[in-house]
Amino acid sequence: MVTAPNVRVCVGWTVARVQLLPERPMRCYRCHEPGHTRATCTNETDRGELCFRCGQAGHQSAQCLNAPHCVLCAEKGKAADHSLGSKSCMKSTPRSKSSRKSTKAQMLAPPTMAGTETGGNLNHCAQAQDLLVLSMAQWSIDVAIVSEPYRVLPRSDWVGDCDSVVCLVLGSNMPPPSPGSTTRGHGFVAANIGALIVVGVYFSPNRPLVEFEAFLLRLTALIGGADRSVVVAGDFNAKSTLWGSPATNTRGHAVVEWMASVGLVLANRGAVSTCVRQHGESIIDLTLASASLARRITDWQVAEGVETLSDHRYIRFDVSTSASDLGRTITPRVGPKWSLKGLDKGLLQEAAIVASWAPLTAGDVDECADWLNEAMHNICDASMPRVSTLKFPRKTYWWRPEIQRLRKECVAVRRRYTRYRRRRLRSQEEENAIYQAYRTARLALRDTIRQSKAEAWQEWLNTLERDPWGRPYKWVRQQFRPAAPPLTQNIDPILRRTVVTTLFPDRADWSPPTMAPPREDSQEEEEEIPSVTSEELHAAVVKMGSKNSAPGLDGVPGRAWMLAIQHLEPRVVSILTSCLVHGRVPRRWKTGKLVLLQKNGRPADQPSAYRPIVLLDEICKMMERVIVARVTGHMNIVGPSLSPKQYGFREGRSTIGAIAHLRDVIEETLAQGGVVLAVSLDISNAFNSLPWATIKEGLRYHGVPKYLRRVINDYLSARSVQFPTQDGWEEHEVVCGVPQGSALGPLLWDIGYDWVLRGAFIHGTDAICYADDTLAIARGQSHREAVLRATAVVAQIVQRIRALGLTVALNKSEAIIFHRPSDKLIKRLEF
């Protein structure tokens, strides 16, 4: 057997050149379609009497003298000046099944959750898929079920089946489903989307009935055990009078029986054809739903007035679902959002002056905080427009008005063609002329879309000349994030609860090691509590202006505080001083807005795949910065200060200093002929797991003034985070850790973790730390000595970390050894 092209084979005394012919696809001699034989053909069109060369009846291709004309390519609107099955035919008709069949789409979008479905045949056309994406944006579609797409994009919001013949496409306002909530098969794909199970299906019309019945059995196994509302939509390629077809074929009988067995109800309405071709119309795109959901499907319609660049039409409908009972919903303290783009600085300062005239509430700190919050809301309303809802793009980047005009022209010509076909008496020449006009309009639309995308791409690249760090750079660096609701609002409720409880564990009863000798409260002098000064407040405001952070639950941006503080300074100073004097922090300042950020490369169904950020009110950060300045000043002047081995969250220290420290140790040791072994240690969920008792003990060790410890103790009590869900807002109590996103949290971490670095390390060992990242260093005159010392110092550090109530992820530990080039490196280090 010859498998290589252009080889020579010896036959006796003759050398023959053998050319390997390309593989020819299986072709039916009845319908002339590829992929099956006459015995398994289910196509209603019989072309067995037609010539393979010219497509005419009455002769065979061996005696044909006519010009080549491919019937299949002509029916599909492609170049047909070639023989059927020739190389030109293979180029114009891709060999994969998805190139010969349709791409249908069905979409979902909620009142509590509403959906719009659209079915269409893209004929493996890239521009048809572009129009589908454009239609999703214009109609605000939540979910689209697409049969036989041009291609399934490698994105999280595109979920395809095993054969890429059907996929689910999620709109811009829907989060991608987690891997554990999707099921992929051959010809079907299912995903849990909110309270629905959405199933997209496609089955080729060229496959036999036996395989179709086996396909329905696989769907039964998928749908039969579902305990939630189910929507099944796609191209079954089955006909039945139940959904408007003139007659029922064998597939139609099978689908009707299958629907009854699994309890699905037909959602199709009317008898409008979903597939329209030059030689006929049919209704083969079905929408099925569970009995409990069928009554909540409304406005089901075939979009006849929309050009799809496909033989199939879009199908749209709405679905409303009931709300979930999972989670404890609350009335949040979340405030409105304002658009800084519309900020009027003059109006803001005028509103701040008016607010400063009102008397301050003579109550506790909570009432004063409420008064200040209401005053800032009034100031923002007077100077900025509110942002009502999250807006999503209603068109694609390549959209132009010309595309809309050409799309309407295609619809007008297509309607003219369909109306003419319904006439009893019609001319074949005139019908062909009208259809040719329709084809011309479609080709113009395709070319315009292709050209528009190319020009938009080039225009986008040209922005590099104006701004090298602009949108192209951010796109390459994956810094763009599509507008979408928060993750907490869209992930599975059970997964959300698992993530939140894992990220914010319960360490309320932890007993830390004693860091300072016990001291009676009477031994501590009750010092005078200094009031907050204007200089302290202005220093806090300046740091606020250097960052562009998101606001907390009150919604007041930091820029508004910067402009209003010069008029509200006496009120703010009075409230902050009252907090220090009474050792109280307002309850609303201790409640943060939880934002989950998904980490790249982590499984989406695991809590470790999410990083929590807690957004606090800017006024709370002002108070935190005042406390940070006072605590830091006390430790630097009075002491004891933080360990010099800590390089994280400290002024004048950074990772560069930590690396320089390590480099000095390495150079000194290697100059003496020694070896350095460094082992990195990672702490699991460090900032959210540090017990509050450990922080309080660290504050006592560093001799922080009593009034500051009192207000920090209140700051570390009755804390909570709130986050939006599908059913409203939920609240989770926090009993340990420091909030990521606060100004005081990093300092409290350094104070609580400092005990690890103050340990008496054995000779030849040391440690370097940046925040929670700890590097154990061991020096030795040989590799063995360095390994022994590294083992000892790692055990010591791990023991002290665990004593603080933290957990070391030993599986993430890494080691690196530094030695002179002349030394022989051992192959394996054993700890």
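An open sheet of four strands, with antiparallel pairing, runs in the order 24-25-21-26. Strand 24 (765-770) and strand 26 (814-818) sit at the edges with a single partner strand each, so one side of each has no neighbour in the sheet. Direction ignored, neighbouring strands here are turned by 20 degrees against each other on average. Two strands count as paired if DSSP finds at least two bridges between them. Helices (H or I, at least four residues) and strands (E, at least two) are DSSP runs, numbered from the N terminus. Axes are lines fitted to C-alpha atoms, for helices over the stretch in contact, and angles run from 0 to 180 degrees between N-to-C directions.

This is a predicted model, in which local features need pLDDT of at least 70 and side-chain atom pairs count only at pLDDT 80 or more, while totals for chains, interfaces and linings use all residues. Residues are numbered from 1 along each chain as its sequence is written, and side-chain values use heavy atoms, with hydrogens and water left out.

Back in the sheet, five bridges hold the antiparallel pair of strand 21 (residues 675-681) and strand 26. Val676 has Phe818 of strand 26 as its bridge partner. Helix 23 (residues 783-803) packs on this sheet and touches strand 21, strand 24, strand 25 (773-780) and strand 26; contact here means heavy atoms within 4.5 Å. The direction of helix 23 makes about 145 degrees with that of strand 25. Asn685 counts as partly exposed, at 26% relative accessibility, where buried means under 20% relative accessible area, exposed over 50%, and partly exposed in between (1.4 Å probe, protein chains only).

Another open sheet has three strands, in the order 3-5-4, and its pairing is antiparallel. Strand 3 (143-147) and strand 4 (158-160) are the edge strands, each pairing on one side only. Here, too, neighbouring strands are turned by 20 degrees against each other on average, direction ignored. Strand 4 and strand 5 (residues 166-170) run antiparallel and are joined by three bridges, with Trp158 standing opposite Val169 in strand 5. In general, strands of a sheet pair through backbone hydrogen bonds, either parallel or antiparallel.

Taken as a whole, the protein has 23 helices and 26 strands. Buried residues account for 49% of its 831 residues. Of the contacts between residues at least 6 apart in sequence, 69% join residues at least 24 apart. The protein exposes about 40,900 Å², and carbon and sulfur atoms supply 52% of that area. Accessible areas come from the Shrake-Rupley method with a 1.4 Å probe; for residues, only the protein chains shown count as cover.

The loop between strand 2 (14-18) and helix 1 (71-75) holds Phe52, and His32 lies in the loop between strand 2 and helix 1 as well. His32 is not a glycine, yet it has a positive phi of about 70 degrees. It is buried, with a relative accessible area of 1%, whereas Phe52 is partly exposed at 24%. Leaving aside neighbours within four places in sequence, Phe52 is in contact with Arg27, Tyr29, His32, Ser61, Ser83 and Leu84. Phe52 and Ala62 are ten residues apart along the chain, and their C-alpha atoms are separated by 9.3 Å.

Leu266, found in strand 10 (residues 264-266), counts as buried at 14% relative accessibility. Beyond its neighbours within four places in sequence, Leu266 is in contact with Leu242, Trp243, Met259, Thr287 and Leu288. Leu266 and Ala291 are 25 residues apart in sequence, with 9.2 Å between their C-alpha atoms.

Trp357, in helix 8 (residues 345-357), is exposed, with a relative accessible area of 63%. Together with Ile353 and Val354, Trp357 makes a nonpolar surface patch of about 320 Å². Patches are made of residues with over 30% relative accessible area and no salt bridge: like charges are joined within 9 Å, nonpolar side chains (Val, Leu, Ile, Met, Phe, Trp, Tyr) within 5 Å. A salt bridge is a side-chain nitrogen of Lys or Arg within 4 Å of a carboxyl oxygen of Asp or Glu. Finally, a cis peptide bond, with omega about -5 degrees, joins Gly639 and Pro640. Pro640 has its place in the loop between helix 17 (618-637) and helix 18 (655-671).
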